[in-house]
Amino acid sequence: MRSAVIVFPGSNREGDVVRALKQAGSDVQKVWHAEHELPKGTDLVVLPGGFSYGDYLRCGAIAGRAAVMDAVRAHAARGGLVLGICNGFQILCESGLLPGILMRNANLKFICHRQFLKVERNDTAFTKAYVQDQAIDVCVAHGEGNYTADVETLKRLEGEGLVAFRYCDAHGHVTADANRNGSMNSIAGIYSDNLNVLGMMPHPENLIEDLVGGTDGRGLFESLVSSFPRAA
Amino acid sequence: MKARVTVTLKNGVLDPQGKAIEGALKSLGVDGIAGVRQGKVFDIELETADKVQAETSLKAACEKLLANTVIENYRVELI
């Protein structure tokens, strides 16, 4: 599998996600935001976490309109895989690739802690290495992760099974206490209509080593790599 | 020509920052505040002197970048 990790001014988790992708067996190239094309043969585009353009205007607003995003939109329209993590999720919402928006956390605090997520479905390119309804132990670090959408969008996401992950407790129970940023329906991540674009606030790329306390994040990258035949 | 663009949250969109400011005003003893909603103001200098052309540019600026119309409304004033 060939991955392209897009780097914007202010991205800061690109190194972590490159490491997670390589560990899972992907070829990885970093791509600067001013490029108009993705590297030939790109299977997966990753928009990493960070604070692109210093979160000026709205989180992800300026990056969402960067030159490279036209190529990312074209890649997604062809059915190519796109993963946006944290600021990457905000960029996906701002660029129109995913519906809704990430608002300021309801308690106005930047939250940074370990977080369990319920895997809502394990039949996508992103989650097949997980078990249905599994509670995976990853982490969150954001000030604007409060997922908000209008009633109809929310109904559509729920009705069509497009919610990827929800904030939950260690037993997989989706509780109000586990939803620390105030997201509607405890949404931590969503898919596009044809399940090839995933945006999520939590950081699976930071829980891939026992050394740092857990490996539950690996499944996401292993799922992606296993979707592609090994290069000869 | 100059313009002022005001971007505000749509009715019904929760505004935790506005709420926090409202709370701060209360704790400062400022009376008579029933509610606060926070928005943004952009003062924009235009190259053109043509009103219609200016309005077209400003509408494009708002729709493409300045406002996220999922949650925000915008208002354009030429000054």
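This passage looks at the build of chain B and then at an annotated site in chain A, both taken from a predicted model.

The C-alpha trace spans about 45 × 25 × 15 Å along its principal axes. Of the 79 residues in chain B, 8% are buried. As for how the chain meets itself, take the contacts between residues at least 6 apart in sequence: 68% of these join residues at least 24 apart.

Over in chain A, an unreviewed UniProt entry puts the feature "active site" at A:C86, A:H203 and A:E205. These residues span 120 residues in sequence, yet no two of their C-alpha atoms are more than 11.0 Å apart, so they gather at one spot.

Two of these residues can be followed up one by one. A:H203 sits in the loop that runs between β11 (197-200) and α5 (218-226) of chain A. Being buried takes 20 or more C-beta neighbours within 10 Å, and A:H203 counts as buried because it has 22 of them. Leaving out residues up to four places away in sequence, A:H203 touches several others, including A:R13, A:I85, A:C86 and A:C139.

A:E205 also lies in the loop between β11 and α5. With 28 other C-beta atoms within 10 Å, A:E205 is buried too. Beyond its neighbours within four places in sequence, the contacts of A:E205 include A:R13, A:D16, A:I85 and A:G217.

Definitions and conventions:
Residues are numbered from 1 along each chain as its sequence is written. Chains are lettered from A and ligands numbered from 1 in the order in which they are written. This is a predicted model: local features need pLDDT of at least 70, side-chain atom pairs count only at pLDDT 80 or more; totals for chains, interfaces and linings use all residues. A residue is buried if 20 or more other C-beta atoms lie within 10 Å of its own, exposed if 12 or fewer, and partly exposed in between; C-beta atoms are placed from the backbone. Two residues are in contact if their C-beta atoms, placed from the backbone, lie within 7 Å. UniProt positions are given in the numbering used here, feature names are shortened, and annotations may be inferred rather than shown by experiment. Helices (H or I, at least four residues) and strands (E, at least two) are DSSP runs, numbered from the N terminus.
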